[in-house]
Amino acid sequence: MSEKLTRRCNMDKTIADRLKEARNKIGMYQEDAARCMQMSRPTLSAIESGKRAVTAEEIRDFSSLYHVSSNWLLYGDNHEETAKIQRLGKYYQLFSKLNGSEQNEVISYMEQMLSK
């Protein structure tokens, strides 16, 4: 598929499509995402299927949860965001396989790296 056609397909996606894509790419279940967003799983399902509108505050919160820009959720077509989502998906999958103390070690290590 040509880059122009790929770009056009990305622009044709809805916010609901991009929310579901971002969640799936990081390997997060709807139940987990809903809990993080403090909403029910049926509410998240309705948002992802386009049956319920998403608020500006929810866009901000989804953006933070999925580590994507609000701009990408609203408008799409950002290759950097796609690569970032794929990396975060891998991180999430690996991290979720660790036990609680191992997860805390990883978090401490990351905090040390960021404080340098």
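1. Does histidine 67 count as buried, partly exposed or exposed, and what is its relative accessibility? In this predicted model, histidine 67 has a relative accessibility of 42%, so the residue counts as partly exposed. The cut-offs are under 20% for buried and over 50% for exposed, with partly exposed in between.

2. Histidine 67 sits in the loop that runs between helix 5 (56–66) and helix 6 (70–75). The phi angle of histidine 67 is near 55°, which is a positive value in a residue other than glycine. Most residues other than glycine have a negative phi.

3. Glutamine 38 also deserves a look. Its phi is near 55°, again a positive value in a residue other than glycine. Glutamine 38 belongs to the loop between helix 3 (30–36) and helix 4 (41–48). With a relative accessibility of 76%, glutamine 38 counts as exposed, because the cut-off for that class is over 50%.

4. The next topic is the largest pocket, which holds about 560 Å³ of space. The pocket is lined by 16 residues, and those closest to its centre are His67, Leu88, Tyr91, Tyr92 and Phe95. Two or more lining residues come from each of helix 3, helix 7 (79–96) and helix 8 (100–115). Helix 7 gives the largest share of the lining, with six residues.

5. What classes of residue make up the lining of the largest pocket? The lining has 13 nonpolar residues, one polar residue and two charged residues.

Note on methods. Residues are numbered from 1 along each chain as its sequence is written. This is a predicted model: local features need pLDDT of at least 70, side-chain atom pairs count only at pLDDT 80 or more; totals for chains, interfaces and linings use all residues. Side-chain values use heavy atoms; hydrogens and water are left out. Helices (H or I, at least four residues) and strands (E, at least two) are DSSP runs, numbered from the N terminus. Buried means under 20% relative accessible area, exposed over 50%, partly exposed in between (1.4 Å probe, protein chains only). On a 1 Å grid over the protein atoms alone, a cavity is a set of points where a 1.4 Å probe fits but cannot get out, and a pocket is an open set with protein on both sides within 12 Å along at least five of seven lines; lining residues have an atom within 4 Å of a point. Grid points are joined across faces, edges and corners, and a volume is the space filled by probe spheres set on the points. Ala, Val, Leu, Ile, Met, Phe, Trp, Tyr, Cys and Pro count as nonpolar, Asp, Glu, Lys and Arg as charged, and the others, Gly among them, as polar.
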